[in-house]
Each structure stands twice: as structure tokens, then as C-alpha cells.
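Here is a friendly walk through one protein model, in questions and answers. Have a look at the structure, then try each question before reading on.

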Amino acid sequence: MKADALQIILITGMSGSGKSVALRALEDAGYYCVDNLPPELLSSFIEVERQHNVSRIAIAMDVRSATSLPIVPKQLKALRDQGISVKTVFLDANTETLVHRFSETRRKHPLSSNQVDDQRRALTDAIEMERDLLAELREDSHVIDSSLIRSTQLQGYIKQLITAPATQLTLVFESFGFKRGIPLDADYVFDVRMLPNPHYEPLLRPLTGRDAPVADFLKVQPDVIAMRSHIQVFLEHWLPSLTQDHRSYVTVAIGCTGGQHRSVFLAEELATHFAKTHTTLRRHREMDAGLFAANKL
């Protein structure tokens, strides 16, 4: 098998952030999946699978292999130097969400200790320690914030990612609402809360930025036109530098108050514009999480 015929996806990230869900999505897509592979075995494992003509491999590594994690970035570079397609995906979630998930399932965090009285505080400390240990891997990965989205939507995000060309910069345009916090996966954040708000138009309020009446309302607003132009110019100026820096993914987050109208519209407009020259993906955090439903006129 030629090296460039082999595709590897490394799934890593915070405990409780959805790595098992991501692996199931990749397994459904035809990847041979391995959970919790010790980093020391990565190179030999891949060589064995290549001899067996396995063409698509997904591997999960996380803080359970904490002492060996520092060697992973060099291993990934060595694989890429061989011409192997390697994508790394880091699943993240805010600390409050992770604490809630562990409390619901009563699972023990890999780094937590039973020798304390305040279990919630111990869990929070373990999560923050985990963030530090995984920081280097996160820096070189495409990050997905799973704090709000459902398992089915996370699976959809993963399946979107594997269709993007590994050798090209992929732009992810993500809408969100500031009242639920800034997405952890954002590389750039643009605040559009100062723009005219369709929420105050009774006929537009139940709709989203994907609906034609909302789009028609926003397209003629001078401030909206200016904001779209400014973001486009900014990205067009810096994309060549990001490409030269060997970035695989750049997530551009557009935020309004609720993540329903203005941010959705602008994320769609920007994705359409940049799709002419780049691979683009679209995400709408609040919509994808099912936090509101759009009613068609």
C-alpha cells in the first residue's frame, strides 16, 4: 500500500467530551478504530495495519496515557513526513459541562482521587490538570466544542471533517449566542450584537438566519453589509499566512445575542463566499443543539 493511501485520524480531548461518540461515527464510516492506544505502540501498530492493507484508521488517545503524551506530536510529524494523511481532532467542553456529565454517569475521572472530602472540587481540579496535560495536542488539532451539541450532531461534525481534503485549509464558520458563552473551538471571534436585530420584528422572531425573510431583512442593512465586508477582508488578508503556517482548520465564530438570526446569517454568507476558494464547513451551535426551532412563514 502506498503511504498516501493510508488515512489516520487521531481522536483526543477531554474525558467526557465525546471521544467514544466520535469513534462510533468513524467506525460507521468504515474506519478501523482503536481506543486508548498507548503512544509507544503507535508506529508499530500502524506498520502492522499497513501490512494488512487497512487504509483508514482512527485512534483515540487521551490522558489515560498521560506519561507518554509528549511523544505524540513528533510521532504525528514523522507519519506526515512519510506522506501519510493524518488528521487530529480534539474534543473539548467547558468545565461545568464536564462536571455535570461525570456527576450524571457517576464515572470516575482518570486523574481524580478518592482521598478527598470535596469530590466536586476534586473533579474540577482533575479536569483543569487534564487541560494542562493535553494543551500541546490541542494546539495542533482541529477543536470541536461539545458543550452544547447532542451526540447525533457531534457524529455529523465528525463525518463532515473526514470528507474535507487533508492537504487544504478548511474554514469552519460557526454561529453562536453570547448568552451561552464563546465556543471553545473558535480561532477567531467576531461580535455582531451591535447589528440590527430581527428578534424585534414579530414576523421574523421565530425564524433563523437561514430563512429567506430574515436574510432579506439583513441584506439591506448598511451595518450588516459593512460587517460582512470587514470580516471578509480580514480573513482574505490573513488566510495566506495561515496556509503557510500549515494550518489544516480555522474556525471563525460569529456571535450575536441568541445565536439565531444575525450570527447564523453572517456565517452562511461568509461560508458561501469563501467556498469559491476554500473547503468550508458550517456549524450553528444553538441551532444544532436544538435550543430553538425555526417556524417557516
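Q: Which residues of E8 point one way, and which point the other way?
A: This is a predicted model, where local features need pLDDT of at least 70, side-chain atom pairs count only at pLDDT 80 or more, and totals for chains, interfaces and linings use all residues. Residues are numbered from 1 along each chain as its sequence is written, and side-chain values use heavy atoms, with hydrogens and water left out. In a regular strand the side chains alternate between the two faces of the sheet. In E8, one set is Tyr249, Thr251, Ala253 and Gly255, and pointing the other way are Val250, Val252, Ile254 and Cys256.

Q: How many of the residues of E8 are buried?
A: Strands (E, at least two residues) and helices (H or I, at least four) are DSSP runs, numbered from the N terminus. Buried means under 20% relative accessible area, with exposed over 50% and partly exposed in between, using a 1.4 Å probe and protein chains only. E8 is mostly covered, and the number buried is eight of its eight residues.

Q: What is the order of the strands in the open sheet of four?
A: Two strands pair if DSSP finds at least two bridges between them. Strand E6 (residues 170-177) runs parallel to E8, joined by eight bridges, and strand E7 (residues 188-191) pairs with E8 in the parallel sense over four. With parallel pairing, the order is E7-E8-E6-E9.

Q: Why is one side of E7 and of E9 left without a neighbour in the sheet?
A: The sheet of four strands is open, in the order E7-E8-E6-E9. E7 and strand E9 (279-284) stand at its edges, so one side of each has no neighbour, as each has a single partner strand.

Q: Which residue of E8 is the bridge partner of Phe176?
A: Several pairs can be followed along E8. Val172 has Thr251 as its bridge partner, and Val189 stands opposite Ala253. For Phe176, the partner in E8 is Gly255.

Q: At what angle does helix H8 run to E7?
A: Axes are lines fitted to C-alpha atoms, for helices over the stretch in contact, and angles run from 0 to 180 degrees between N-to-C directions. Contact means heavy atoms within 4.5 Å. Helix H9 (residues 262-274) lies across E6, E8 and E9, at about 170° to E6. Helix H8 (residues 222-244) lies across E6, E7 and E8, and its angle to E7 is about 170°.

Q: What is the average twist from one strand to the next in the sheet of five strands?
A: Five strands form an open sheet with parallel pairing, in the order E2-E3-E1-E4-E5. Strand E2 (32-35) and E5 stand at the edges, each with a single partner strand, so one side of each lacks a neighbour in the sheet. From one strand to the next, the twist averages 20°.

Q: Which residue in E3 is the bridge partner of Leu10?
A: E1 pairs with strand E3 (residues 56-60) in the parallel sense, over five bridges. Within E3, the partner of Leu10 is Ile59.

Q: How far apart are the axes of H2 and H3?
A: Helix H2 (residues 42-51) lies across E1, E2 and E3, at about 155° to E3. H3 packs on the sheet too, touching E1 and E4, and its direction makes about 150° with that of E4. The two helices pack at an angle of about 30°, and their axes are apart by 10 Å.

Q: Which residues of H2 and H3 make the contact?
A: H2 and H3 pack at an angle of about 30°. H3 supplies Gln75, Leu76 and Leu79, and from H2 come Leu42, Ser43 and Ile46.

Q: Which residues are the closest to the centre of the largest pocket?
A: On a 1 Å grid over the protein atoms alone, a pocket is an open set of points with protein on both sides within 12 Å along at least five of seven lines, while a cavity is a set where a 1.4 Å probe fits but cannot get out; lining residues have an atom within 4 Å of a point. Grid points are joined across faces, edges and corners, and a volume is the space filled by probe spheres set on the points. The largest pocket holds about 1,100 Å³ of space. Of the 43 residues lining this pocket, the closest to its centre are Arg80, Asp140, His246, Arg247 and Ser248.
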